[in-house]
Amino acid sequence: MKDTRKDIAVDETELLRQLDYMQGIRKINDAFETETGKKKKFFSLAMGCQMNAHDSEKLEGMLDKMGYERTDEETDADFIIYNTCCVRENAEQKVYGKLGWLKHYKKDKPDTVIALCGCMMQQDSVIKTLRQKYRHVDIVFGTYNLYKLPELMNTRMESGDTIYDIWQEQEEIVEDLPSIRHFPYKAAVNIMFGCNNFCTYCIVPYVRGRERSREAEDIIAEVKKLAADGVKEIMLLGQNVNSYGKNLSEPVSFAKLLRMVNDVEGIERIRFMTSHPKDLSDELIEAMKDCPKVCKSLHLPVQAGSSEILRRMNRNYTKESYLETVGKIKEAMPDITLSTDIIVGFPGETEEDFQETLDVIRKVGYTTAYTFIYSKRTGTPAATMDNQVDEDLIKDRFDRMLNVLNPMIHELNEKMVGKIVHVLVEEPSKSNKDVLTGRADNYALVHFEGSKDLIGQIVPVRIIENKTFYFIAERVNGD
Ligand code: 5AD
Ligand code: SF4
């Protein structure tokens, strides 16, 4: 068997190099603070998926080590960084819109440093546009060299030049980057990077490269560290977690990894995403059922209901096999809740195909659905398929889909009313500070009145009202 261990080697020297740059910049920023009494501030925005949100926690951790303080006011920042997404066109438009605004902003505050990174930057066409039209951007890097932020900032400081550093691949995984978690009690952990699936609509494999799994021992060491730091809930992240570990020198299945994480003391809840339906094994269903800490909720994106569309999407499953998998999951864990991603308007989608999607929605009974209008992504096979669907037709289907989904979600959620659930309390509600919000084991979003001291605890509450996309609950005693 080919020894791939060296391919995914943990590059410790690289981390040390970056730590040196971080220290150097910190000295400069500390001197600035001594001189002016002001601390340098950063503004960080993560667009797109959980993977990006987690990457931004690392960027922010490095900025913190470099002596920058976080600000939520963009106009207050000395350093602005957008971690971009390119999965759909509207995400890219948002970045260009913000860059247009920053062009004016920088006229008043020319010392502000603007950095862009993430998936969108891996596309040549984007880099060309930035070089031509957005010359006020200072640092640009991609998905493979995120850990190089300190070095790139140092080069920018020393040379004053605009820095473009986009890599086409990177096998090594740099472990132990500093990180600022957005929530003290829950944390995401990458278990793998990249994707090998090449769904025909999706740009991800082109901008995040081939699948690379982290060593199980590194993942467990990180989870143990997080547990020691007070983290109760872990979200294991990967584009397709079900194929975790296949390319390790000693392969470890995702089911096995889940059992290992379940054994970590102090961790009380485990979630994971995303599961590709084609790779969801019986072994994983068994592990989910057996492991008490693994939450009984599963994100299983169907994308479309018609087997013909699924074939052209290169999803490698059919409507029937998807429904069969769902049947097995429900049989093993009758209380499980299921969520999904659905794309409407994939090239060639007919009314009959669309009806198949509605049929799957009704048969599965999702309690959460992320619904998307198909977005043509240059470079993907679907972009050149000749039977693109008319925009108005797609919008009509999209609305009709929501008319099926929303009442169904409401009806399914009625079953929760009167039940006692355990909620990991996350934060005060945005609209009413006396109300706390958190998630139940089955991912139900719950609001209830309570003291802020409960934040970070898992508390029992009784659901009293179903608001379709969230629930109102009241506290109950005991556990
Ligand atoms: N158009 C619309 N939705 C897309 N997704 C991925 N690519 C596209 C696209 N080109 C959706 C899929 C995926 C989710 C993260 O984004 O549903 O599961
Ligand atoms: Fe994109 Fe498909 Fe990979 Fe998900 S599994 S990231 S949809 S190519």
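**Exercise 1.** Work out in which order the strands of the closed barrel run.

*Solution.* Step one: the five strands of the closed barrel follow the order β15-β16-β17-β19-β18, with mixed pairing. Strands here are DSSP E runs of at least two residues, helices are H or I runs of at least four, and both are numbered from the N terminus; two strands pair if DSSP finds at least two bridges between them. On average, neighbouring strands of this sheet are turned by 50 degrees against each other, direction ignored.

Step two: take one pair. Strands β15 (residues 420-428) and β16 (residues 435-440) run antiparallel and are joined by five bridges. Leucine 424 has arginine 439 of β16 opposite.

A word on the source: this is a predicted model, where local features need pLDDT of at least 70, side-chain atom pairs count only at pLDDT 80 or more, and totals for chains, interfaces and linings use all residues. Residues are numbered from 1 along each chain as its sequence is written, chains are lettered from A and ligands numbered from 1 in written order, and side-chain values use heavy atoms, leaving out hydrogens and water.

**Exercise 2.** Find out whether Cysteine 119 is buried or exposed.

*Solution.* Step one: locate Cysteine 119 in the loop between β4 (113-118) and α4 (124-133). Step two: its relative accessible area is 7%, so Cysteine 119 is buried (buried means under 20%, exposed over 50%, partly exposed in between, with a 1.4 Å probe and protein chains only).

Terms used: Axes are lines fitted to C-alpha atoms, for helices over the stretch in contact, and angles run from 0 to 180 degrees between N-to-C directions.
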